[in-house]
Amino acid sequence: MSEKNAIKTRTIAVSNHTDPYQLGAMRVESDRFWRWGDDNLLPNALALMARRSTTHRRIINDKADYVAGKGFTCDEQEQVLNALIHRVNGEGETLRSILHRLAFDKALFGNAFLEVVTDAEHTFLSLYHQDASRCRIARDSEHVLLHPDWRRFHPDEARTLPLYPRYEAQEDGTLRTILHYKDYEPMFRHYGVPAYIAGMNVSAIAYKTDRWNISRLDNSFQLSGVMMLDSTVDNDAEAERIVRLAEEKFAGNPGQVMFVIREGAEDDHSRFIPIEAHNEGDWQTLHDQAMSDIVVAHSWFRSLSGLDYSSGFSSERILQEYEVALNTVILSEQAELTEPIREIITAVLGIDCSSLEIVNRPPTRSKPIYMKVWEARKADGLEYDPEDEKQQLFLSEITKYNLKSIN
């Protein structure tokens with residue numbers, strides 16, 4: 001082949017190779033706190049992943065909802081405790097809303113933080129949820145640093161609180177401490193690790209398979225391929241201009257077309273060479289497997305994640321899996337989150353919290369609300385007494401009563 005007829009090629013792949021979970025932020029160095037992740041921004045990456053993976057986010061939301069339950073109940077004679085349930089701080093938040101945020105952070109980050117406020121005389125008690133992504137453990141392992149943006153950490157903008165059970169006086173005259181909840185993981189001392197740690201990669205797969213489908217939709221399901229362009233160019237700038245012009249006319253969606261510019265001949269041989277891929281089934285299988293693996297990594301259940309609704313709504317299966325989840329996950333998480341709160345309320349206000357309980361209710365009913373209590377107990381194989389006044393109530397009346405006590 002003569003030098004004149006030799007094809008000179010310049011290839012430019014129009015593609016986005018950015019990893020959606022790669023933050024690319026500056027590394028934060030300081031001797032005042034222990035880094036949370038290699039770059040101190042692991043919470044940011046975990047939050048970003050939860051925003052982009054649908055099933056992963058659904059499980060986190062559901063876990064928080066089930067752990068927070070439908071609210072709290074307690075002995076009606078405990079007026080102070082009743083008032084605290086309905087208004088736990090100066091912002092008018094309920095104890096249930098605080099518990100829901102703690103449960104959400106713990107499910108997402110494996111860590112949660114609760115700020116406790118009182119005074120030297122213990123005349124009041126306020127509980128505040130602190131966003132876990134804003135918190136870092138101080139180097140002395142006895143304090144927590146709170147900062148609004150750890151990507152741009154400045155010591156003067158940080159607030160320091162002692163770890164529970166130590167209280168320290170603040171400038172406003174209050175005594176404050178912060179309670180740190182964390183999921184245990186070997187080799188990790190200062191921060192907990194989320195339960196789904198083994199499923200982080202499959203959460204990324206689920207997001208990327210969704211993004212692939214969106215890309216195909218945006219591209220009107222056109223084929224990817226190579227665009228061969230005949231053009232004589234004098235310099236790289238002109239070649240770049242031609243590539244961008246061709247991209248506007250032919251690309252359809254960035255990442256779907258590769259442009260090849262070669263020295264033009266007398267006849268224009270520009271053409272599009274499609275790349276046909278018959279891998280839709282492989283992608284769907286990969287997506288389905290990722291969904292199942294996410295549920296397993298979370299130690300959760302398919303029917304409670306909304307994954308089996310397409311094959312038919314089975315209330316019996318939902319109730320069965322809810323019972324398993326209640327006894328294996330929900331009750332233990334509730335105990336871990338509420339036991340320190342009970343201890344704090346008793347220590348600060350000096351009141352009995354033994355009657356404080358979370359109202360748990362399954363996502364669907366297995367019995368009609370027009371049944372009486374004794375009929376429901378009979379159906380469950382429990383002892384029943386049709387003459388008992390309490391068992392004469394209808395299930396609808398019990399539900400109505402519980403809703404009133406919660407509100």
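1. Pro165 sits in the loop between strand E7 (159-162) and strand E8 (168-169); helices (H or I, at least four residues) and strands (E, at least two) are DSSP runs, numbered from the N terminus. A cis peptide bond, with omega about 15°, links Tyr164 to Pro165.

2. A word on the basis: this is a predicted model, where local features need pLDDT of at least 70 and side-chain atom pairs count only at pLDDT 80 or more, while totals for chains, interfaces and linings use all residues. Residues are numbered from 1 along each chain as its sequence is written, and side-chain values use heavy atoms, with hydrogens and water left out.

3. Have a look at His122, in the loop between strand E3 (111-118) and strand E4 (126-130). His122 is not a glycine, yet its phi is positive, about 55°. With 34% relative accessibility, His122 is partly exposed (buried means under 20% relative accessible area, exposed over 50%, partly exposed in between, with a 1.4 Å probe and protein chains only).

4. Ser299 lies in the loop between helix H7 (280-297) and helix H8 (315-349). Ser299 also has a positive phi of about 55° without being a glycine, and is partly exposed at a relative accessible area of 47%.
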